[in-house]
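Good morning, and thank you for coming.

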Amino acid sequence: MKTKILAIIALVAFSFSGQAQKKWSLKECVDHALKNNITIKQNALNLESLKEDVVAAKGSFLPNLNASSGANLNFGSTIDPVSNGRISSTNFSSSYSLRSGITVFNGFRLLNSYKNAQLGVEKSKLELSKIKDDVSLNVVNSYLNILFAKENLAVARVQAEISKKQIEVTQNQVDAGSKAKGELLNSKSTYANDIQNVIALENTLNLALLQLAQLLQVDPNGFDVTTIDVGVPTASLMYNNADLVYKKAVENRAEILSAKIGIKQAEMNINIAKSGFLPTVTASASAGTNFSHRYTIFQGQRGNDYFFKQLNDNFGYGVGLSINIPIFNRYQNKVNVNKSIINKEQSELALDNAKLNLQQIIQRAFLDAKAALKSYEAAKTSLEAQQEAFKNAQERYNFGAMTLFDFDQVRNRLVNAESTLIRSKFDYVFKSKVLQFYYGESIFE
């Protein structure tokens with residue numbers, strides 16, 4: 001029994017360990033965010049609500065049908081028609097009816113309302129697509145921040161290891177009498193500073209992981225991502241100019257298409273408002289019957305007929321047609337039309353503003369990517385030079401031809417050059433992804 005319990009505990013511990021060690025890929029992060037993001041869920045529900053509006057608008061073309069029934073029980077004092085005296089009497093009566101009505105014509109309001117509801121669904125789909133794009137871009141940015149923090153941390157750990165070995169070299173030189181003890185203390189101080197830098201970068205990495213975990217709405221404990229090779233940036237931009245990206249984006253971006261649908265909706269609202277000047281024609285039909293029962297039958301009165309006979313004898317029906325012609329309604333229709341025209345002009349300005357914002361964003365993104373590429377090329381050249389300078393300085397220091405202070409200066413320049421290269425590389429990669437995003441290409445590969 002004890003063995004079984006230990007086996008179960010070991011299995012549970014292994015499953016938790018495997019779960020904690022799971023590493024998320026970029027695609028898994030994006031898919032999870034799109035599935036669980038609260039804002040996306042809210043807009044998806046709003047889309048479903050608008051679909052119901054389409055069903056309601058479609059149903060407005062159909063006739064309605066309503067049934068009604070009523071019953072009355074009358075009792076109390078009444079006059080006997082034979083004796084002309086007051087006696088107690090009880091009567092029961094009930095009625096049953098069906099009524100139906102349909103709008104024959106109302107200035108095409110129903111048709112335009114149906115089209116407007118359909119446009120509302122399309123607009124909501126585009127707005128949902130825009131939100132999904134924004135969430136995906138945020139996930140990619142957070143993911144790249146983690147990779148950047150990991151590379152920075154790896155470089156810092158290598159530098160800390162170099163400093164640790166440098167202590168051993170300096171210790172041997174002090175023991176041999178070729179270096180003063182102060183050199184050893186400086187080496188230890190340099191190593192301590194490097195360890196502090198490692199701790200700071202570990203915290204930066206943990207914060208980057210926490211940010212992505214919160215964005216995905218998952219438990220940050222044990223959360224980690226798969227390290228992917230972002231590659232070496234090319235020496236040239238993917239696109240020659242910002243206008244090329246803008247021309248493609250203005251045809252496909254959800255915010256532009258949504259603004260165009262907004263203009264169509266405004267045009268529909270104008271037509272709906274104009275329908276207020278036109279007559280409304282409605283048709284109706286009804287059928288009904290009733291039943292009554294006298295509990296007190298006076299002398300000479302006929303007895304009660306049975307239920308179904310009365311329903312059949314009393315059955316009646318009718319049809320009707322009505323027309324309502326607006327003559328004067330205190331300028332309400334005119335005001336509604338004018339306001340709809342103003343709303344259309346506002347929608348047209350909203351489209352122009354969306355295009356302008358998109359163009360400005362792409363222009364900034366293009367210049368940012370261009371500057372990031374130049375920064376990366378400069379950082380790469382600087383690192384190559386600093387690596388050679390460090391190699392030479394290390395040899396001179398080992399032979400006693402350079403002081404530790406001067407050697408640390410060279411080493412610090414190398415560390416800064418490595419950090420600058422990593423930062424500029426990921427900066428350029430992300431800004432290139434932004435251009436790909438607006439051009440309509442996949443940014444998850």
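A cavity, on a 1 Å grid over the protein atoms alone, is a set of points where a 1.4 Å probe fits but cannot get out, and a lining residue has an atom within 4 Å of a point. What we have here is a predicted model, in which local features need pLDDT of at least 70 and side-chain atom pairs count only at pLDDT 80 or more, while totals for chains, interfaces and linings use all residues. Residues are numbered from 1 along each chain as its sequence is written, and side-chain values use heavy atoms, with hydrogens and water left out.

How many cavities of 30 Å³ or more does the structure hold? There is 1. The largest cavity contains about 40 Å³ of space, a volume being the space filled by probe spheres set on the grid points, which are joined across faces, edges and corners. Its lining consists of Ile162, Ser163, Gln166, Ser187, Thr190, Leu404, Phe407, Asp408 and Arg411. Two or more of these residues come from each of helix 4 (109-176), helix 5 (181-216) and helix 10 (404-439). Helices here are DSSP runs of H or I with at least four residues, strands are runs of E with at least two, and both are numbered from the N terminus. Helix 10 contributes the most to this lining, with 4 residues. By class, the lining has 3 nonpolar, 4 polar and 2 charged residues; Ala, Val, Leu, Ile, Met, Phe, Trp, Tyr, Cys and Pro count as nonpolar, Asp, Glu, Lys and Arg as charged, and the others, Gly among them, as polar.

Let us stay with helix 4. Its axis comes within 11 Å of the axis of helix 9 (residues 332-398), and the two cross at roughly 25°. Axes are lines fitted to C-alpha atoms, for helices over the stretch in contact, and angles run from 0 to 180 degrees between N-to-C directions. Helix 4 and helix 9 are therefore roughly parallel; that term covers angles under 35 degrees, while over 145 is roughly antiparallel, 65 to 115 roughly perpendicular and the rest oblique. Ile162, Gln166, Val169, Thr170 and Gln173 of helix 4 make the contact with Phe390, Gln394, Tyr397 and Asn398 of helix 9, contact meaning heavy atoms within 4.5 Å. This contact has 4 nonpolar, 5 polar and no charged residues.

Lys130 forms a salt bridge with Asp134, their closest N and O atoms being 2.7 Å apart. A salt bridge is a side-chain nitrogen of Lys or Arg within 4 Å of a carboxyl oxygen of Asp or Glu. Both residues lie in helix 4, 4 residues apart, about one turn of the helix. In total, the structure holds 17 salt bridges.

Helix 6 (242-252) packs against helix 10 at an angle of about 40°, with the axes 8 Å apart. That makes helix 6 oblique to helix 10. Leu244, Val245, Lys248 and Ala249 in helix 6 meet Leu435, Tyr438 and Tyr439 in helix 10. Their contact comprises 6 nonpolar, no polar and 1 charged residue.

Finally, two loop residues. Phe108, in the loop between strand 3 (86-105) and helix 4, has a phi near 65°, a positive value in a residue other than glycine. Gln217, in the loop between helix 5 and strand 4 (224-225), likewise has a positive phi, near 60°.

Conventions. On a 1 Å grid over the protein atoms alone, a cavity is a set of points where a 1.4 Å probe fits but cannot get out, and a pocket is an open set with protein on both sides within 12 Å along at least five of seven lines; lining residues have an atom within 4 Å of a point.
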